[in-house]
Amino acid sequence: TVTVAGKSELKAVADADWVTVTVVDAVVTVAVTENAGAAARTATVTLTYGESSKSVAVSQAAVVPVVSVAENAAVTAKAYGGSYTVNYALKGTAELKAEIDVDWATVTAADGVVTVKANYSLAAAAREGAVTLTYGDSTVTIPVAQEEGKIYMKPNTNWVVDNARFA
């Protein structure tokens, strides 16, 4: 806010559409819209008072990219595998990378949804890993777990292995 005292009319003009300037009773108020871009930006506000003018620089930093998920976000897969999802939100502009640190599942991320596809497990114990979402310098980790493998047999089922029949 700039206040000017005197008898002339004070005028103020901004050279960017993201800057709004108002003058009320010789008080200049400068307002800016949120910068959702990846780059800082600058503008100039020119104050004119009678025959005098003064330029004032206005600068605004870029939004720092941020990725977020719910506080307790996690994936717990059944032994038979399947697809599991977690929602995420992005602020700012950057490239989103989704990685998983296990070989028994894959991960994709698009349109606010992380999808983990877990393979069937025959492991004797539960297994764990993590999905890492990276967006600029912002990183979020989502725990991933899968219950131990289970083999289900129906009564009176015949099994054939290498042409040998088992009952």
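Which side chains meet in a salt bridge? They are those of lysine 91 and glutamate 34, with 3.8 Å from N to O. A salt bridge here is a side-chain nitrogen of Lys or Arg within 4 Å of a carboxyl oxygen of Asp or Glu.

This is a predicted model, in which local features need pLDDT of at least 70 and side-chain atom pairs count only at pLDDT 80 or more, while totals for chains, interfaces and linings use all residues. Residues are numbered from 1 along each chain as its sequence is written, and side-chain values use heavy atoms, with hydrogens and water left out.

**The chain as a whole**

- The chain has 16 strands and zero helices; both are DSSP runs numbered from the N terminus, with at least two residues (E) for a strand and at least four (H or I) for a helix.
- Of the 167 residues in the chain, 26% are buried. Buried means under 20% relative accessible area, exposed means over 50%, and partly exposed lies in between (1.4 Å probe, protein chains only).
- Among contacts in the chain with a separation of 6 or more, 57% are between residues 24 or more positions apart; a contact means heavy atoms within 4.5 Å.
- Carbon and sulfur atoms hold 51% of the accessible surface of the chain, which comes to about 11200 Å². Accessible areas come from the Shrake-Rupley method with a 1.4 Å probe, and for residues only the protein chains shown count as cover.

**Strands and their pairing**

- Strands of a sheet pair through backbone hydrogen bonds, either parallel or antiparallel.
- Here, an open sheet is formed by three strands in the order 2-5-6, with antiparallel pairing. Two strands count as paired if DSSP finds at least two bridges between them.
- Strand 2 (10-14) and strand 6 (52-60) are the edge strands, each pairing on one side only.
- Strand 5 (residues 41-49) and strand 6 run antiparallel and are joined by nine bridges. Arginine 41 has glutamine 60 as its bridge partner in strand 6.
- Strand 3 (residues 19-24) and strand 4 (residues 27-32) also run antiparallel, with six bridges between them. Valine 21 has valine 30 in strand 4 as its bridge partner.

**Two aspartates with positive phi**

- Aspartate 25 takes a positive phi near 50° in the hairpin of strand 3 and strand 4, which has two residues between the strands.
- Aspartate 111 has a positive phi of about 55°, although it is not a glycine. Aspartate 111 lies in the loop between strand 11 (105-110) and strand 12, and is exposed because its relative accessible area is 78%.

**The salt bridge in place**

- A search of the whole structure finds one salt bridge. Lysine 91 lies in strand 9 (residues 82-91) and glutamate 34 in the loop between strand 4 and strand 5, so the pair ties together parts that are 57 residues apart in sequence.
- Lysine 91 is partly exposed, at 45% relative accessible area, whereas glutamate 34 is exposed, at 56%.

**Two loop residues to look at**

- Tyrosine 120 is in the loop between strand 12 (113-118) and strand 13 (127-135), and its 44% relative accessibility makes it partly exposed.
- Alanine 74 sits in the loop between strand 7 (66-69) and strand 8 (75-77), where it is partly exposed at 42% relative accessibility.
- Leaving aside neighbours within four places in sequence, alanine 74 is in contact with Val86, Ile142 and Pro143.
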